[in-house]
Amino acid sequence: YKPSVSPEMDIMEYCRKEWRGNTPVAKRMRKGYEAVAQKFASIRRIRGDNYCAFRATLFQALSQATQLPTWLQSEDFPMLPENLLNKYDWIKQWQLKQKPGKKMGEISDEIKEYLILLGKKWKNISEIKDPIEKQEACDKLFKNEEEEYSLYEALKFLMLNTAIELYNDDKNGKRVPVFSWLLFARDTSSNPCQLMHNHLNHIGHSGGLEQVEMFLLAYALQYTIQVYRLYKYNTDEFITLYPNDPEEGWPVVTLITEDDRHYNIPVRMCQETTL
């Protein structure tokens with residue numbers, strides 16, 4: 001068993017261990033890590049499976065949660081699977097990692113349970129005032145594999161719901177964020193049904209999150225995801241925000257990536273930094 005979130009390690013020590021050579025890539029990575037080290041003292045490695053973007057984002061969000069997001073406070077939040085199934089028959093084709101081959105009609109109760117679990121964990125952790133205790137609660141949650149993967153299924157379903165809302169808003173002439181056009185401009189996801197079949201159903205199995213899906217995750221959580229993209233060091237895209245025009249009042253979580261595929265997390269801010 002590999003830990004989902006490894007213990008803290010000094011950022012520059014980690015960088016020296018990972019990037020020893022003198023190739024242009026290694027030099028760029030070291031520069032990137034030096035820049036991150038201006039703001040954060042340590043790094044925690046995230047287990048590298050196809051869920052690492054979810055794992056890194058959710059861990060960071062829970063680690064600093066002080067309240068329940070508004071969308072989690074709504075009473076009909078757990079009814080999401082049932083409500084969507086009543087409107088869109090194609091959602092029956094939803095795939096669960098733990099239950100491959102079982103169709104949504106049979107699993108809507110399980111997704112409801114996962115959404116309730118997400119609300120419960122978020123509420124419990126956000127109510128812990130002591131930072132050390134809060135960190136311990138997060139570490140414990142991310143050591144429980146069954147619960148952890150259930151939370152990712154909840155996040156995926158939230159992304160589907162957000163995609164449907166954006167798609168309908170666009171069709172009804174409402175203003176939608178630019179990434180939403182890009183999301184539905186792909187041949188493989190010209191509508192939410194295709195997005196589910198060709199992308200969301202595969203996350204965690206055969207693929208991770210693509211760039212445009214990072215925007216969707218940020219919108220679903222109503223969080224700004226700030227990513228240090230180390231291979232883009234010295235360009236405008238070194239620090240990328242999802243969404244790039246964040247809503248005021250959305251909390252910010254910070255991740256690190258060397259290649260836009262695998263994400264780790266920086267911890268221990270060196271000084272108070274705001275966007």
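Where is the place of Pro243? Pro243 sits in the loop between strand E4 (239–242) and strand E5 (252–257). The legends below begin with the whole chain and then turn to single sites.

This is a predicted model, in which local features need pLDDT of at least 70 and side-chain atom pairs count only at pLDDT 80 or more, while totals for chains, interfaces and linings use all residues. Residues are numbered from 1 along each chain as its sequence is written, and side-chain values use heavy atoms, with hydrogens and water left out.

**Figure 1. The whole protein.**
The protein has 11 helices and 6 strands. Helices (H or I, at least four residues) and strands (E, at least two) are DSSP runs, numbered from the N terminus. The radius of gyration is 19 Å, close to the 19 Å that the globule rule gives for 275 residues, so the protein is as compact as a globular protein of that length. This radius is taken over C-alpha atoms, and the globule rule is 2.2 Å times the number of residues to the power 0.38. The C-alpha trace spans about 55 × 40 × 35 Å along its principal axes.

Of the 275 residues, 51% are buried. Buried means under 20% relative accessible area, exposed means over 50%, and partly exposed lies in between (1.4 Å probe, protein chains only). Among contacts with a separation of 6 or more, 72% are between residues 24 or more positions apart; a contact means heavy atoms within 4.5 Å. The accessible surface comes to about 13,800 Å², and carbon and sulfur atoms hold 48% of that surface. Accessible areas come from the Shrake-Rupley method with a 1.4 Å probe; for residues, only the protein chains shown count as cover.

Side chains of opposite charge can pair when their charged atoms come close. A salt bridge is a side-chain nitrogen of Lys or Arg within 4 Å of a carboxyl oxygen of Asp or Glu. The whole structure contains 16 salt bridges. One of them joins Arg55 and Glu148, whose closest N and O atoms are 2.5 Å apart. Arg55 belongs to helix H3 (residues 52–63) and Glu148 to helix H8 (residues 145–171), so the pair, 93 residues apart, links distant parts of the chain. Arg55 and Glu148 are both buried.

In the pair of Lys174 and Asp169, the closest N and O atoms are 3.8 Å apart. Lys174 counts as exposed because its relative accessibility is 51%. Asp169 has a relative accessible area of 25%, so Asp169 is partly exposed.

Glu210 and Arg186 form another salt bridge, with the closest N and O atoms 2.9 Å apart. This pair links distant parts of the chain, 24 residues apart: Glu210 is in the loop between helix H10 (192–198) and helix H11 (211–221), and Arg186 is in the loop between helix H9 (178–185) and H10. Glu210 is partly exposed because its relative accessible area is 40%, whereas Arg186, at 15% relative accessibility, counts as buried.

**Figure 2. A network of charged residues.**
Salt bridges link Arg229, Lys232, Glu237 and Asp260 in a network.

**Figure 3. Ser189 and its surroundings.**
Ser189 lies in the loop between H9 and H10. Its relative accessible area is 0%, so Ser189 is buried. Leaving out residues up to four places away in sequence, Ser189 touches Leu183, Phe184, Gln194, Leu195 and His199.

Most residues other than glycine have a negative phi, and most peptide bonds are trans. Tyr242 and Pro243 are joined by a cis peptide bond, with omega about -10 degrees.

What is the phi of Gln222? Phi of Gln222 is near 55 degrees, a positive value in a residue other than glycine. Gln222 is in the loop between H11 and strand E3 (224–229) and is partly exposed, with a relative accessible area of 30%. Asn234, in the loop between E3 and E4, also has a positive phi, near 75 degrees. Asn234 is exposed because its relative accessible area is 69%.

**Figure 4. Phe157 in helix H8.**
Phe157 is in helix H8 and counts as buried at 0% relative accessibility. The C-alpha atoms of Phe157 and Leu117 are separated by 13 Å, and the two residues are 40 residues apart along the chain.
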